[in-house]
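Welcome, and please keep your viewer open beside this text. We will go from one selection to the next and look at what is there.

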Amino acid sequence: MKQGKFIIRSNREIADRTFILEVEGDCSATERAGQFADIALDGFFLRRPLAVMQWDATKMSLIYKVVGEGTKKIAAMTPGEQLDILTGLGNGFDASLSSGKALIVCGGIGASPTFSLAKQLRERGIEVNVILGFNNASEIILEDEYKALGCKVAVTTVDGSAGVRGFVTDALDTMATDCDCFYTCGPKIMMKAVCGALEIPGEASLEERMGCGCGICYGCTCHTSKGPKRVCADGPVFKKEDIVW
Amino acid sequence: MRGRTGIQEGGHSMVTTKVNFCGVHFKNPVVPASGTFGFGLEMAGSFDLNILGGISLKGTTLEPRYGNECPRIAECPGGLINSVGLQNPGIDALVKEKLPALRKIYKGAVIANISGFSIDEYVKCCVKAADAPEIDIIEVNVSCPNVHGGGMAFGTSAEAAAQVTKAVKAVCGAKPVCIKLSPNVTDIIEIAQACEEAGADGLTLINTVLGMRIDIARRKPIVAAGYGGYSGPGIFPLALRMVHQVSGACHIPVMGCGGVASERDVVEMMMAGASLVQVGAENLRNPMACKDIVEHLPGLMQELGLENLNGIRI
């Protein structure tokens, strides 16, 4: 974990109420795809944890959806403004799970933390199939970006306004073929269905209301087969067999 | 060259932050409060814990506890509500695993925070804590608002608080016992005095204030348990008033706790009568809060013309 000052380089809406925030600063604490950053905001006591979509030594991109007053405040911020951010939080995905072909299943902005994972897997020559699920076409994010990495992408929408009508699970039959592992991030009910439907090893990135974001307050504990675990520090990524849904 | 305050200019050499609490030496009065700093180990990678005055460890019970279901956290103006519900690995794991691991990286004062659901449980837990050489002070929590049938129930009546105090004092030997009091009472002075009469060596106050937030879209409380403990800068004036009242009415030292967020708050809490100051919710917003406060305290003391922090109660 590292605390640092970051300068906003851009902050733009890329889909319905969904924004990408690009900041510049010391990103050295972030080591694995699936880790998150925790942003302090004037006027709010707690930080806002946001998944890291991609990063390098001095820049990172965070995707967020405006769901409350805090994210509304972030959305109103402009380039040049400064943010106090904790980086390098959480465990991240285990990119070594796959040796041939991996499946990534995301719901909504869950498509963000798996993006760097897909990039790493592709760099190792791993085939990556990606299912991106949304409520409707106006929410779609990162479809082109995943395709640009060389991933095979299937989009599902609940209302059928784009891609396959239905849920991500409706695309599993075609997309999971020959995959040796999966990674999932999105609504809990979606991840539970995905973990239940797939026999191969997999990981899911859980979400919970957090206090500290760094493991000291025990405010985001979840049940696992290995006992109580903190989503922020022991997770957010857990092996599917360890999660008690 | 001396300044008009008698403090050497250009440095902190004549300022001392040292304090003594129940015979235990603290290099400074800054102590992360129980429940906001884990078992210390969680923060070891972020800064050198040895700069702290002491650490009050996460609340511990006789048996391991999962605590309450999530959500356990609700943000508030000036702080947050938590309903963790005393999640902890139990006193045996504390003694066998956490304390030896902490001792390897940290040499300062250690305050164990003990909770229970019956007097018998408090006693059994304190017996084990008293035996642990790493523990300097036992802080007995009779004020957790997040558990049923225990915790705060012992801290909301003078008689029950005195019973717990007497029972644990009998098994703690020479180890100082500090009772952590609840603000959710009609008369905290009466309870504080009852603890003192029952043999308490010190007092910690205040624990969190029982509170609630409602998700107006879902028409349900935000925390799963319904109510939780409110802490953060919003409760600082309340904590300060209670510390001032209790420190004026009792002869045993007080650890001041509640909404402390800066070195200015530390000095203010000590002017209210605290001998040590715990920093709680602020650690959740800024995990480096205690480090920042410790580093800035001498400069503030110099600015205020304080050579030391003893006897500054107003």
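What covers the buried residues of helix 6 of chain B? Among the elements that do so are strand 3 (30-32), helix 5 (236-249), strand 15 (254-257), strand 16 (276-279) and helix 8 (289-304) of chain B. Before selecting them, note that this is a predicted model, in which local features need pLDDT of at least 70 and side-chain atom pairs count only at pLDDT 80 or more, while totals for chains, interfaces and linings use all residues. Residues are numbered from 1 along each chain as its sequence is written, and chains are lettered from A and ligands numbered from 1 in the order in which they are written.

Now select helix 6 (residues 263-271) of chain B: seven of its nine residues are buried, so this helix is largely enclosed by the rest of the structure. Buried means that 20 or more other C-beta atoms, placed from the backbone, lie within 10 Å of a residue's own; exposed means 12 or fewer, and partly exposed is in between. Helices (H or I, at least four residues) and strands (E, at least two) are DSSP runs, numbered from the N terminus. The buried set is B:Glu263, B:Asp265, B:Val266, B:Val267, B:Glu268, B:Met269 and B:Met270. Just after this helix, B:Gly273 has a positive phi of about 120°.

Next, select B:Leu203. Its contacts (C-beta atoms placed from the backbone and within 7 Å) include B:Cys178, B:Leu181, B:Ala192, B:Val246 and B:Val254, leaving aside residues up to four places away in sequence.

For the chain interface, 28 residues of chain B are in contact with 23 residues of chain A. On the chain B side, strand 5 (73-76), strand 6 (79-82) and helix 7 (282-285) each give two or more residues.

Go to B:Pro71, in the loop between strand 4 (54-56) and strand 5 of chain B. The peptide bond joining B:Cys70 to B:Pro71 is cis, with omega about 0°. In chain A, look at the loop between strand 14 (229-230) and strand 15 (237-239), where A:Pro236 is found; the bond from A:Gly235 to A:Pro236 is also cis, with omega near 10°.

Two last stops have positive phi without being glycine. A:Leu142, with phi near 65°, is in the loop between strand 8 (127-134) and helix 3 (143-148) of chain A. B:Cys22, with phi of about 55°, is in the loop between strand 1 (19-21) and strand 2 (24-26) of chain B. A:Leu142 counts as buried, with 26 C-beta neighbours inside 10 Å, whereas B:Cys22, with 18, counts as partly exposed.

How values were computed. Contact = placed C-beta atoms within 7 Å.
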